[in-house]
Amino acid sequence: MAARLAWKPGYEGDEVALGFALAFALHAIPIAIILLRVYFPAPNVEEQPLVAQPVIGATLLKLGKPIDPKRLPDRFVPRQSTAPRQQVTASREEPVHKNALVDAGPPPPPDAKDSDIKKLIAKSDPFAEDGGKDRPVEGFANGSDAGTEMDPSKVHAGSVYAAQVTAFLKERWQIPTVISQGEVNRLCVKYTIAVDPRMRVWFVQQTPGRPSGNDLFDDSARSMLQKLVDDHTALPEPPPEVETSYRGQRISLSLGDGCR
Amino acid sequence: MRLSVMMAVLGAAALVGAAFPAIAQQPAGSTPLPSASTPTGGAVTSITVPSGTRALFKIACAPVVGDADTSKTITGTETRDFTLSSLFQVLDPQSFTANLAVEGMSIDPASWRNVGAEGVVKGNAAMRGSQLHVELRLFVVSRGAEAVLSKAYDVAPGSLRSAVHQFDNEVVKWFTGTPGSFGTRMVFSATVGRGQKGIYSIDSDGQGLGRLPATTNVALAPAVGPGGSVYYAGGMADGSYGLFRVGSPVPVMHAAGLVFGVAFGGGKMALVVSSNGQSDIFVGSPDGSGLKAVTNGGLNTHPAFGPAGQLAYVSNQGGNPQIYVDGKRVSWRGTYNMAPAWCNDPEGTRILFMGRDGATWDVFSVDPGGSAGSMKRLTQDQGSNTYPACSPDGRMVAFFSTRGGLFTSNGDGMNQNKIASVTGESLRWEGN
């Protein structure tokens with residue numbers, strides 16, 4: 001006689017009932033919400049015409065205490081900074097240890113398109129087409145028209161290094177006070193320099209590529225650059241990402257607040 | 001029971017999770033950096049460098065070939081003028097290493113560049129009859145060995161400083177486009193005894209201090225009028241005050257009241273006339289004709305004409321003494337401002353004045369329009385500084401200081417130099 005095993009549920013009756021109730025509620029509530037939305041949609045709110053409201057005058061806020069009209073202003077005395085000069089870090093990695101990235105290669109010659117067409121014509125290929133139709137523009141939307149670099153890391157390193165060179169030259173450039181500040185703000189002079197592979201300036205253009213119109217201003221800029229040549233002073237070391245653009249190359253400098 | 005509860009919790013969590021959108025990470029902001037660009041084909045990287053720091057133009061005043069005393073006078077006058085101008089740094093002659101004898105009246109630019117000179121002034125002087133022939137040259141080292149400015153003067157030996165001032169003005173003009181104010185003079189009144197005041201004149205570099213002959217024992221508020229004549233308000237025997245001119249024993253004007261001040265400019269004259277406890281300003285022709293009151297009661301004093309004929313003065317019509325220009329108040333801070341003087345600063349016309357700060361006075365400047373925030377302080381915590389005056393070219397400010405004399409500075413109150421050990425009041429600079 002086979003023994004009959006008695007089935008004994010794992011849950012009590014009330015527990016099973018509670019489970020069913022919860023499961024029903026979890027499914028029924030969203031369904032009810034959806035049905036309500038379908039059968040009782042929200043009324044369309046008609047667009048109200050714009051009503052002109054009076055404009056409340058606002059003043060720009062300026063930090064600080066209110067000015068006491070009885071109190072006279074203090075004298076402004078410029079003080080020379082005694083803090084050490086801040087150095088801009090051009091690259092987080094040691095230039096000698098960093099693996100050279102794959103270079104984008106030299107920029108294409110300016111007449112590359114014409115050359116291709118000429119080659120095609122020379123081959124008398126009747127199917128050669130002038131690439132005149134619009135094609136997707138390569139590069140970045142916020143990039144420079146004249147830029148050729150496609151690697152954002154290189155572009156960033158180049159910008160940081162440009163800031164470093166800018167600070168290097170700016171702190172050495174002294175503009176005589178015989179030129180009024182108002183005139184200095186308007187002037188811009190262009191010189192071309194050449195640096196050797198060790199980043200030492202070995203050549204300075206004697207006449208400016210574009211004079212500012214004030215000979216003293218131009219002289220002060222050229223004297224600063226000439227002193228770099230005379231003292232065999234080297235420009236800051238460029239990061240490896242951009243060193244091919246600087247090391248042993250010519251650099252065109254636009255000097256002055258009027259260049260901006 | 002436990003399983004159902006867990007399922008319910010999981011189901012609810014799923015619903016809640018579906019109800020909330022994912023939170024997107026915002027990219028961190030980045031600071032724009034200057035950029036270098038490499039144009040295609042040219043392979044020349046270009047960098048833009050903003051203007052560098054400002055520095056005084058380093059100039060060397062080389063000893064003049066000729067008599068030692070003459071050379072000393074010339075180089076001394078040059079050095080003083082250039083130093084006071086706030087435009088130049090005069091190099092110490094001890095630092096000169098150039099071989100002056102070999103150079104003659106030219107320069108070796110490399111040699112002067114080595115000692116840090118950016119400009120060099122050279123000259124020679126010799127007697128020609130009763131006249132002293134002086135030849136002075138300016139060299140700019142970056143311009144090469146040839147002089148950029150060369151002038152010759154034939155003067156009486158006693159007028160040597162005047163010739164050098166002329167040359168120094170030409171030097172400033174060569175650099176800035178407008179001549180300097182060297183060789184001009186200032187006038188002021190000062191106490192000469194108990195209850196007595198006299199009129200004094202002094203050169204712009206602090207030399208040539210002298211008392212001008214005044215008819216009266218009390219001479220106040222001098223001003224330089226047409227033809228360089230000095231006018232002043234003088235007390236007369238009957239107790240009234242009239243307008244006198246230096247050299248004239250009788251008053252040139254005696255108004256119905258007390259004349260307490262005068263100013264000339266723009267082809268006009270302004271006169272301060274006091275009566276019945278009030279003082280008003282009258283404006284008319286320099287000869288005293290056509291005078292009409294431009295103020296209406298109260299205390300109105302210290303007139304001064306601007307470059308376009310505007311009239312600045314002090315008035316208490318607002319409750320306490322403040323600076324006004326053509327009836328419009330321009331000083332809006334402080335409780336007692338007075339003694340306005342116009343300054344034709346190359347960066348823009350300003351009005352100098354003295355303001356009382358507690359127990360002391362200091363020198364301030366403000367835009368003629370009185371724009372908010374345009375008031376600047378030129379002196380502070382440097383004793384009491386009073387009665388500012390401005391040079392005709394607008395580059396130098398003079399004022400009296402309790403530090404013991406007459407001081408000059410630039411328009412910002414920098415490069416303060418004591419040029420004479422004399423104090424007074426109502427300082428006026430000829431030509432301004």
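This is a predicted model: local features need pLDDT of at least 70, side-chain atom pairs count only at pLDDT 80 or more; totals for chains, interfaces and linings use all residues.
Which residues of H5(A) are buried?

**Entry 1: helix H5 of chain A.** I found the buried residues of H5(A) to be A:Leu216, A:Phe217, A:Asp218, A:Ser220, A:Ala221, A:Met224, A:Leu225 and A:Leu228. I then looked up what covers them. The cover includes four strands of chain A, namely E1 (174-176), E2 (189-195), E3 (201-204) and E4 (250-255). Helix H5 (160-176) of chain B also contributes to that cover. I checked the length of H5(A): its 16 residues, 215-230, reach 21 Å from the first C-alpha to the last. That is close to the 22 Å expected at 1.5 Å a residue. Just after H5(A), I noted a positive phi of about 55° at A:His232.

**Entry 2: chain A as a whole.** I counted six helices and four strands in chain A. Along the sequence I read the pattern α-α-α-β-α-β-β-α-α-β. Of the 260 residues in chain A, 20% are buried. For contacts in chain A with a separation of 6 or more, I looked up the share from residues 24 or more positions apart, and it is 76%.

**Entry 3: a sheet in chain B.** I traced an open sheet of four strands in chain B, in the order E14-E15-E16-E17, with antiparallel pairing. Strands E14 (258-265) and E17 (292-293) of chain B each have a single partner strand, so one side of each is left without a neighbour in the sheet. I followed the pairing at E17(B): two bridges join it to strand E16 (residues 278-284) of chain B, and the two strands run antiparallel. B:Phe282 has B:Ala293 in E17(B) as its bridge partner.

Definitions and conventions. Residues are numbered from 1 along each chain as its sequence is written. Chains are lettered from A and ligands numbered from 1 in the order in which they are written. A residue is buried if 20 or more other C-beta atoms lie within 10 Å of its own, exposed if 12 or fewer, and partly exposed in between; C-beta atoms are placed from the backbone. Two residues are in contact if their C-beta atoms, placed from the backbone, lie within 7 Å. Two strands pair if DSSP finds at least two bridges between them. The expected span of a helix is 1.5 Å times one less than its number of residues.
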